[in-house]
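Visitor: I have a structure open and a few questions. Can you walk me through it?

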There are 2 protein chains.
Amino acid sequence: MVQTATRSGSEARRTAILRGAADVFRRKGFHGAGMREIAEGLSMAPGALYYYFESKEDLLYACQMLSLKRLLRSGRAIAAGGEGAPSKLRRLVRAHLGHILDALGGSFAHVEFHALPEPLLRKVVSKRDAYEGLIRRILRAGIAEGAFRETDEKLAALSLLGALNWTVVWWKPEGGRDLEAVASHIAETFLTGISA
Amino acid sequence: MVQTATRSGSEARRTAILRGAADVFRRKGFHGAGMREIAEGLSMAPGALYYYFESKEDLLYACQMLSLKRLLRSGRAIAAGGEGAPSKLRRLVRAHLGHILDALGGSFAHVEFHALPEPLLRKVVSKRDAYEGLIRRILRAGIAEGAFRETDEKLAALSLLGALNWTVVWWKPEGGRDLEAVASHIAETFLTGISA
């Protein structure tokens, strides 16, 4: 019991650190962010931060993986549901924006994945590929259902991911467009664009 | 005459350096790229590279500005033409992909602009805003013409820019989709998505 409580406390601490780090990455870019600054933002001693994460690359990797795991988990649940493809895509778009803009506070990390060293990059790319594959399967199902026109579903998936991921570059909570408005605009324009 | 020839030779050299640097940024990310590596790729001594560009930030800034100037120049020429808005957007999409994928050899620099220090970042952001404004004007003209439905033209412009700019993350010349195919897919899906 005690061990479980400690472990979940440590998990919560790690998540709080990732949220703080993601915020600094977003404001300064990966290159401009420093471990010291990330620690200061969390009112931690730098040494305490290094206890959780060995390096800035480690932090970026953990940000990426956390956000990709959430994207995959919600994406799989949506894909497995009984609705039609258009409604699945609408929910996936909303969940995607929630994960990349809300959960990690505007995670620019999602864009700067090329800053990762090779073995970590490979793991991130494989999760990204799985997520892209999931979107392509929903698109193919929609074409088979007759809801979407025949289209290059790889290009369609990547265009949608582009519109979604680019929000981390421009979206700000105080910018006058809430997440719901952005999600419904992107989903409706895309769904109309590929509708049969 | 001699001076002009020298200046244009030096301009050509600078452009060749930017192309080489953009290629290294794309493969390694801004963080992972080194001045030495960029110089080696160009068969230059590092000292010769520093003669043209003081730092890696300087190089990234020059890459950005070159590509933004090209985007703005072609965007303004297209916007000033006599065609309808849908046809202007089709041409802008094609020109955009040409500038970011062809001219600077897959310039990942276009995505990593947050790595720039503050005063340079401000100049880049102001050019980006001008380009976004240009797309929004074409969108408004299309709504006024009755070609596009009433839509939030800021969200529409940013979604289109997202789909376009994200190509630097995934597009490869050898990947089986040529620029024309990508441009026409993105343009058609977007234009159908916002059509009246």
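Visitor: Which residues of α7(A) meet which residues of α9(B)?
Guide: A:Leu155, A:Ala156 and A:Ser159 in α7(A) meet B:Val182, B:His185, B:Ile186 and B:Thr189 in α9(B). This is a predicted model: local features need pLDDT of at least 70, side-chain atom pairs count only at pLDDT 80 or more, and totals for chains, interfaces and linings use all residues. Residues are numbered from 1 along each chain as its sequence is written, and chains are lettered from A and ligands numbered from 1 in the order in which they are written.

Visitor: What counts as a contact, and what as a helix?
Guide: Two residues are in contact if their C-beta atoms, placed from the backbone, lie within 7 Å. Helices (H or I, at least four residues) and strands (E, at least two) are DSSP runs, numbered from the N terminus.

Visitor: At what angle do α7(A) and α9 of chain B pack?
Guide: At about 65 degrees, with their axes 10 Å apart. Axes are lines fitted to C-alpha atoms, for helices over the stretch in contact, and angles run from 0 to 180 degrees between N-to-C directions.

Visitor: Is the crossing left-handed or right-handed?
Guide: α7(A) passes α9(B) in a right-handed crossing. A crossing is left-handed if the near helix is turned anticlockwise from the far one by less than a right angle, and right-handed if clockwise.

Visitor: Zooming out, how many residues does each chain give to the contact?
Guide: Chain A gives 29 residues and chain B gives 29 residues. On the side of chain A that touches chain B, α1 (2–32), α7 (153–165) and α9 (179–194) each supply at least two residues. By class, that side has 15 nonpolar, 11 polar and 3 charged residues.

Visitor: Why do you say the copies meet through the same surface?
Guide: Because 100% of the interface residues of chain A are also interface residues in chain B.

Visitor: Now the inside. Which residues in the largest nonpolar core touch the most other members?
Guide: A:Val93, A:Leu160, A:Ile186, B:Val93, B:Leu160 and B:Ile186, out of 56 residues in that core. Elements giving two or more residues to the core include α5 (85–103) and α6 (118–145) of chain A. A nonpolar core is a set of buried Ala, Val, Leu, Ile, Met, Phe, Trp, Tyr and Cys residues joined through C-beta atoms within 7 Å.

Visitor: And what does A:Ile186 touch?
Guide: A:Val93, A:Ala163, A:Leu164 and B:Ser159, not counting residues up to four places away in sequence.

Visitor: Is A:Ser67 buried or exposed?
Guide: A:Ser67 is buried, with 22 C-beta neighbours inside 10 Å. A residue is buried if 20 or more other C-beta atoms lie within 10 Å of its own, exposed if 12 or fewer, and partly exposed in between, with C-beta atoms placed from the backbone. A:Ser67 sits in helix α4 (residues 56–80) of chain A. Its C-alpha is 6.7 Å from that of A:Ile100, 33 residues apart along the chain.

Visitor: Where is A:Glu150?
Guide: In the loop between α6 and α7 of chain A. A:Glu150 counts as exposed, with 8 C-beta neighbours inside 10 Å. A:Glu150 and A:Ile194 are 44 residues apart in sequence and 8.3 Å apart in space, C-alpha to C-alpha.

Visitor: What is phi at A:Ser43?
Guide: Positive, about 50 degrees, although A:Ser43 is not a glycine. Most residues other than glycine have a negative phi. A:Ser43 lies in the loop between α2 (35–41) and α3 (46–52) of chain A, and is exposed, with 8 other C-beta atoms within 10 Å.

Visitor: What about B:Ser43?
Guide: Phi of B:Ser43 is also positive, near 50 degrees.

Notes. Ala, Val, Leu, Ile, Met, Phe, Trp, Tyr, Cys and Pro count as nonpolar, Asp, Glu, Lys and Arg as charged, and the others, Gly among them, as polar.
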